[in-house]
Amino acid sequence: MPQAPRPFSDAAGHLAIFHPVCDAFALLLQPHAEVVLHDLATETVVYIANNFSRRALGEPSLLQEIDFRPEDRMIGPYEKVNWDGRRIKSISAVLRSPEGRPVGVLCINMDVSHIHAAIEVLSTFSGVATDQGKPTALFKDDWHERINEYVSGWTRRHGVAIADMTRVQKQQLVRELAQDGAFSGKHAAAYISRVLQMGRATVYNYLRDSGN
């Protein structure tokens, strides 16, 4: 749960109205977000929700580290490293009085280390060493694989999904597949008809119309 510490130096309470905002962000993104409120009058930390950076109330804000300028409205997103080495993605909003005078800075620190760890795991499982390539014995006669790659490349180049292809586009693709020798494999026409989500008779009609 977000922490609700007593404000340290906000004696006048002019930043107390932002405490629920800090708690709301921390609660919504818990346990991955910390929200730190800085008082520009004293340049100190006055409120922390879900403290995982081990900062203390009343310590210096050190806003020069985020390149704070009074004319700013938003700073970031920017990256930081937590005390324990975790990677943090942060963004800071400059809070202003009704007259437009900057009075505080609200910083949201998002722990993204778990996301990077998940990406590394997925990359490890999904990757194939480039120097290995495809096993020759397995793929030398695999026309299924060649058709899949051809159709995938064709739809990617034309920016269309198979389910959204028009009749003309399917005719063109069948014609190009035929020109590339895709129908030389046994039962290739049946397989292509399934890939392109149409009847086998339609594939043969397209082939006949194309002169193959």
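Select C22 first. C22 is buried, at 0% relative accessible area; buried means under 20% relative accessible area, exposed over 50%, and partly exposed in between, with a 1.4 Å probe and protein chains only. A disulfide needs two cysteine sulfur atoms within 2.5 Å. The structure holds 0 disulfides.

A word on the model before moving on. This is a predicted model, in which local features need pLDDT of at least 70 and side-chain atom pairs count only at pLDDT 80 or more, while totals for chains, interfaces and linings use all residues. Residues are numbered from 1 along each chain as its sequence is written, and side-chain values use heavy atoms, with hydrogens and water left out.

Next, select I147, V151, L173 and L196. These have the most contacts inside the largest nonpolar core, which has 20 residues. Such a core is a set of buried Ala, Val, Leu, Ile, Met, Phe, Trp, Tyr and Cys residues joined through side-chain atoms within 4.5 Å. Colour α4 (143-158), α5 (167-179), α6 (188-195) and α7 (200-210): each supplies at least two residues of this core. Helices are DSSP runs of H or I, at least four residues long, and strands are runs of E, at least two, numbered from the N terminus.

Zoom in on L173. Leaving out residues up to four places away in sequence, L173 touches Y150, V151, W154, M165 and L196. Contact here means heavy atoms within 4.5 Å.

Then go back to C22. With V35, L95 and I108, C22 is among the 13 residues of a second, separate core.

Finish with the charges. The count is 5 salt bridges, each a side-chain nitrogen of Lys or Arg within 4 Å of a carboxyl oxygen of Asp or Glu.

- Select D111 and R86: their closest N and O atoms are 2.9 Å apart. D111 lies in strand β5 (residues 102-111), and R86 in the loop between β3 (74-81) and β4 (87-96), 25 residues apart. D111 is buried at 6%; R86 is partly exposed at 24%.
- Select R69, E71 and D72: salt bridges that share partners join them into one network. Between D72 and R69, the closest N and O atoms are 3.5 Å apart.
- Select E79 and R87: this salt bridge spans 3.2 Å, N to O. E79 is exposed at 54%, and R87 partly exposed at 35%.
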